[in-house]
Amino acid sequence: MFLLRCNRTEAESLAGRPVRDFDDARALNEHLLTTGAAEIAVTTLGELGALCSTRHGHTELYAPPLPGEPLSDAGAGDSMVAALITQLAAGEDPVSASVLGVAAAAAAMLTPGTEPFDLDTARSLRSQVGTRFQTDARRRGV
């Protein structure tokens, strides 16, 4: 499989234990990569953001601060997936695509109910998504 994206609930089901933070998501994503289940593993962590993992390492993606009160989290995950897939199809690298995905999820939270997110809002939030990259020394035998 090329891409596997799971939310926290799905991640906990796969891991068989709670997935509370980036370390928990990293362990799951590493397992998905090393077993060949996916080439790209993205685990979303709600208000924390998401973890994007590839054979090159893991990138923590920190959710941007919202410029207003959250109105609904309905559709945030779908918005994340839509932005991620659209960006990958356009040739973006997995981390850049995931950054826009996190921004789109945040933008979706600023819309009532299941209304679609505002693309301009997602683009403005994109620059506020924090990232931290880590290689996986264990896999490389270091």
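A pocket, on a 1 Å grid over the protein atoms alone, is an open set of points where a 1.4 Å probe fits, with protein on both sides within 12 Å along at least five of seven lines. Its volume is the space filled by probe spheres set on the points, which are joined across faces, edges and corners. This is a predicted model, so local features need pLDDT of at least 70 and side-chain atom pairs count only at pLDDT 80 or more, while totals for chains, interfaces and linings use all residues. Residues are numbered from 1 along each chain as its sequence is written, and side-chain values use heavy atoms, with hydrogens and water left out.

With that in hand, about 450 Å³ of space lies in the largest pocket. Its lining (residues with an atom within 4 Å of a point) is made of 20 residues, and G46, E47, A76, A105 and M109 lie nearest the centre. The elements giving two or more residues to that lining are β3, α3 and α4; helices (H or I, at least four residues) and strands (E, at least two) are DSSP runs, numbered from the N terminus. By type, the lining splits into 11 nonpolar, 5 polar and 4 charged residues. Here Ala, Val, Leu, Ile, Met, Phe, Trp, Tyr, Cys and Pro count as nonpolar, Asp, Glu, Lys and Arg as charged, and the others, Gly among them, as polar.

Now follow α3 itself. A76, S79, M80, A83, L84, Q87 and L88 of α3 are buried, meaning under 20% relative accessible area with a 1.4 Å probe, protein chains only. They cover an arc of only 160 degrees around the axis (from the directions to the C-beta atoms), which puts them on the same side of α3. On the other side, D78 and A89 are exposed, that is, over 50%.

What do the buried residues of α3 pack against? Counting contacts as heavy atoms within 4.5 Å, the partners are β1 (3-6), β2 (40-44), β3 (49-54), α4 (94-108) and α5 (119-126). I85, also in α3, is partly exposed at 42% relative accessible area, between those two cut-offs. Just after the helix, G91 takes a positive phi of about 100 degrees.

Last stop: E60 in strand β4 (residues 57-62). E60 is buried, with a relative accessible area of 3%. Leaving aside residues up to four places away in sequence, E60 touches F22, R26, A50, L51, G130, T131, R132 and Q134.
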